[in-house]
Amino acid sequence: MSNLYDKAYEQSINDPDGFWGPIAEECHWYKKWNKVLDDSNKPFYRWFTGGETNTCYNAVDFHVDNGLGDQDAIIYDSPVTDTIKKYTYSELQTRVAGFAGVLASKGVAKGDRVIIYMPMIPEAVFAMLACARIGAVHSVVFGGFAANELATRINDAKPKVIVSASCGIEVKKVIEYKPLLDKAIELSDTKPGSCIILQRPQARATMKDGRDFDWDDEMAVAVPRDCVPVKATDPLYILYTSGTTGQPKGVVRDNGGHMVALKWTMSAIYGVEKGDVYWAASDIGWVVGHSYIVYGPLFKGCTTILFEGKPVGTPDASAFWRIISQHKVKTLFTAPTAFRAIKREDPKAQLMKDFDLSCFKYLFLAGERLDPDTLSWAENALKVPVIDHWWQTETGWAIAANCVGLHKFDVKPGSPTKPAPGWNMAVLGDDGQPISAGEIGAIVARLPLPPGTLPTLWQNDQRYIDSYLSVFPGYYETADAGFIDEDGYVYVMARTDDIINVAGHRLSTGGMEEVIAGHPDVAECAVMGVEDSLKGQIPLGMMVLNAGVQKDPAEVVKEVIALVRDKIGPVAAFKTATIVKRLPKTRSGKILRGTMRSIADKKEYKVPATIDDYSCLDEIEDSLGKIGYGNKA
Ligand code: COA
Ligand code: AMP
């Protein structure tokens, strides 16, 4: 007998117009679309062409106009500043309209870019929504990135205005953002017209006359702005994500498809309705934060939690339980690494006992593979369904999930369950042909992708095609490898490129190698992701020094670690590296990163027949052993 999921899935694939059209009717449109799915310019499929809407209206004003003005829209819970502050939808509207006025006064108009480099504070959300309100395109940059990474994004997005804050707070450390911002602007070729800086009491930023403006001063004189109609296909935001090189990819999200898809996912995937409290414990700098701290819950009329803290240390491993019970959270979404951190501090979940969690219905995890240990620990401790779901910055929402709002399937550990409606998935072999159930290959999605996914990369259609559509024509390449079993459950096993996943954060080992290769004493290097019991993976660097370098090797290691932190940022968590005489390579010169990774992780491996020198593997084992990896540790 077919269930709601089966029906929805079947229709979404065979009749996308009939599926998404009625869902879109639940949103507010100034002008209705001409076409639900527009395939007139393949492979650039577009959704809701001809339609006009406003994302901010749908996230904020729509609820005020429909009687939800007094309901909490945002609960800002910040243990690091000892603050809890609530904003109703009406208050949110006032703040957002005000800040839209500030942006407009600095010359920001429809289509202009605004970079937001801020910690987890309500003003960051106001700024995002204010951009959407006037049709500007925001690009949020995660606070843990260094000046150099910020500069790369400034150069690509060419923002008219940058919005930032004087500092962020990482547990007890105050991280000054303004010096990083100043350095990034100095490094970049494009200079913003103005910067708007929120001064936080923990650190005051030094302002540059004529360029920097104080958030509060500007808000005090702002003339509020109303929502402007934008095309469904106009860009709402750019979010940069790691590619295989140091040049990040600018993932574009449009207004119409994004709004329709995200609003629908709130009930279909997460099982929440208007008025429910929904919490994504992530950061607005990541896609999870965009989709499920800000847009999804607000489109749906939920109350969203903005948490400025960590799963442990703010003040301890009970932080999540305190928030769930205090704010009556129904659904929590975070990364498995957060639960591994809690489990490490409080293995028996003793701290949970002090809290009434009867409001809590579902835990959703994503961002990295959900290891069976963490899954069973969370299930046993929380006694609610623990749902793994798989997605990417590019997709904006889940590719595969147990869509509890449609039908709850049995959980199979290691699998994020079945493709979500809209996702026509396949697993292909090296020859590009579909392979049998249970066999590992490249996981791909048949085009068109559903609404809300990336239509292209920012001003780089060719890179979009080259990165995602060219290897398997007619398909989107996820760059994840895995299989689909006989019951249709998807299993995501590993990336097929050199992206690694550190504490749910996506990082490019290629990008780190580029930085390390820039050290004057390094001849060549390889960075690979090795297993880590807390963060899932961490980067490990192997370096060969230039002939004749006299410096103490430990000194070079220290300098290289500092260099990666300085160029990419602390979020890279690059803390382990070693020096070797040679790197193992094939005769054609390809570095055997996979072989070294297997040695470090104590996994069986086959040495490729094309290796140029077997003896160098012994030295690799010895070197890894000295820093605590592999069988010789
Ligand atoms: N601004 C400035 N620095 C930041 C930052 C920010 N917004 N976020 C992280 N950093 C810094 C941290 O302070 C740390 O610096 P350090 O090397 O000086 O200690 C470094 O970047 C690494 O941070 P993180 O990866 O968060 O590791 P952690 O050891 O501080 O915490 C966890 C580990 C598991 C507790 C943490 O990663 C976490 O809470 N994860 C939750 C899941 C999540 O957010 N996932 C995102 C996608 S869903
Ligand atoms: P990001 O773009 O930062 O969201 O990272 C996306 C990548 O994280 C995916 O391509 C996967 O490699 C990995 N990922 C995300 N969610 C899962 C999951 N549930 N299971 C396995 N891997 C995941």
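1. Let me begin with burial: 61% of the 633 residues of the protein count as buried, where buried means under 20% relative accessible area, exposed over 50%, and partly exposed in between (1.4 Å probe, protein chains only). This is a predicted model, in which local features need pLDDT of at least 70 and side-chain atom pairs count only at pLDDT 80 or more, while totals for chains, interfaces and linings use all residues. Residues are numbered from 1 along each chain as its sequence is written, chains are lettered from A and ligands numbered from 1 in the order in which they are written, and side-chain values use heavy atoms, with hydrogens and water left out.

2. The C-alpha trace spans about 75 × 65 × 55 Å along its principal axes.

3. The protein has 18 helices and 31 strands; these are DSSP runs numbered from the N terminus (helices H or I, at least four residues; strands E, at least two).

4. Two cis peptide bonds deserve a look. One joins Thr 314 and Pro 315, with omega about 0°, and Pro 315 sits in the loop between strand 17 (303-307) and helix 11 (319-327). Another runs from Leu 447 to Pro 448, with omega near 0°; Pro 448 belongs to the loop between strand 24 (441-446) and helix 14 (461-469).

5. Next, backbone angles. Most residues other than glycine have a negative phi, and most peptide bonds are trans. Lys 328, not a glycine, has a positive phi of about 60°. It lies in the loop between helix 11 and strand 18 (329-334) and is exposed, at 52% relative accessible area.

6. Ala 573 also has a positive phi, of about 50°, without being a glycine. Its place is the loop between helix 16 (553-567) and strand 31 (576-579). Is Ala 573 buried or exposed? With a relative accessibility of 11%, Ala 573 counts as buried.

7. Finally, Glu 10 lies in helix 1 (residues 4-14) and is partly exposed, with a relative accessible area of 45%.
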